[in-house]
Structures are given as C-alpha cells and as structure tokens.
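Colleague: Hi! Could you walk me through the charged pairs in this one?
Modeller: Happy to, here it is.

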Amino acid sequence: ALHLIVIMFILASLEDHVPVPVALSLDVPAAIKLSIEDKFVNKVIPQLGIVIGLQDITNIGEATLYPEDGSTHVITQFNVRCFRPFPSEVIDGVVLHQSLAGVQVSVTFFHSIFVPAEELPQPARFHPETKKWLWEYGEDEDCFEIEDGGQVRFKVTSVTYGSRRSAPNYSYDESPMPVYAEDLDLATLPMAVMASMSTAGLGMRQWWQD
C-alpha cells in the first residue's frame, strides 16, 4: 500500500547580521523579529527551500551602529521553518495547469511542482480540445481524466534551485507564477520540484477511493 509521507518541512538554523533601524519604536527583540521575517519569509534559500516562517530566535549578539544607513546591525542566531520536499516523498496537492509538457501542481504556498508527461499514468493522452490529460486505463477506451483543480497525490523525484539568479535569497511570491510548458526553463525559477504520478496510488485521489 502507498502511504502519504509528511516530512516536507525542515527546521534550519541560520545566523545573520540583522539590521535594526535606530528610529524604530520597538524593543530590540521585536525589531529583530520583524527584520528577519521581512528578509527571509517567502524567500528561497538554495539547498534549504522556501522559508515558511520564523520558529524562534536563539541568540542575540552584540550590536554595531552604522551611521550611514541609520541602523544597528545585530549578529543573531535563529531557526526558520522551510518547505523542502525530499526525493521519493509522497505529497498531496491540487492540479493548477495542464499542457503538452505535463501537469503543474500546487500545494497552496508553492506552485512550481511539475509532473512531466512521461511521468503520468501510462498510457496517457493529452486531449487537444479539453486541454486535459487522460489515463487510458483498461480496454474499450476506458479513460480516467485529470481534472483542473482536482486533488492529486504525487511522488517527488527531484528538487532544483535556479542557477540564473544573482542573489542567494530572493522572493518567491513576487516572481510571476510559472506556467508549465515545453519551453519552460527551470533554471530561471527560484526552486522547482519534479514529480511522478506513474505508479499505483498516485494521480487523482478519487481514482483510488473505494
């Protein structure tokens, strides 16, 4: 039997020189918290994934005043929650888009999950009018349809981080949402998850319900 694995979030320990504006009317811990969240939350850190939220601040070090930018920089250690699925992990999502390239899936806060056509249940056929993928299951042309907005279960095959980005931390939600097509260059995306629906128990959830 195929079991859902829920380990796609990790806790990462980071250290950063956190800027705290001198004029900010907050105590230092509150100001540091706001600064960390502004810099890291909803950002992709290569090899760690997307930062979902600040878990806690573990140490606040000495502060250094920088008169030129009107802020104090504080060496701070903290833990953040990250979304980073692992190869072979099985996750539930929702169908966002379908094309000849395959199926694009969303997990609410992340939309760059791609199932290539060859990783769909086989034999598979793309219907040019409905723009949907069909699983031609069994005889007499029995077909199961992948529905837009439908709940699916997929297995992660790989996670990649964009090689054509200039900064180590960059916003995910400010980028235009990618649309899965044959000419989509994964190197331009902050993070991309490749996945499969080719084995029993994967694909549309309703296919496997009693």
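Modeller: Let's start with D92, which counts as partly exposed because its relative accessibility is 27% (buried means under 20% relative accessible area, exposed over 50%, partly exposed in between, with a 1.4 Å probe and protein chains only). One caution: this is a predicted model, where local features need pLDDT of at least 70, side-chain atom pairs count only at pLDDT 80 or more, and totals for chains, interfaces and linings use all residues. Residues are numbered from 1 along each chain as its sequence is written, and side-chain values use heavy atoms, leaving out hydrogens and water.

Colleague: Good to know. Which residue forms a salt bridge with D92?
Modeller: R205 does, with the closest N and O atoms 2.8 Å apart. A salt bridge here is a side-chain nitrogen of Lys or Arg within 4 Å of a carboxyl oxygen of Asp or Glu. D92 and R205 are also linked with R153 in a network of salt bridges.

Colleague: And how many salt bridges are there in the whole structure?
Modeller: The search finds six. One of them joins D16 and K39, whose closest N and O atoms are 2.9 Å apart. D16 is in strand β1 (residues 9-21) and K39 in helix α1 (residues 28-40), so this pair ties together parts 23 residues apart in sequence. Helices (H or I, at least four residues) and strands (E, at least two) are DSSP runs, numbered from the N terminus.

Colleague: Is D16 buried or exposed?
Modeller: D16 is buried, at 15% relative accessibility, while K39 is partly exposed at 35%.
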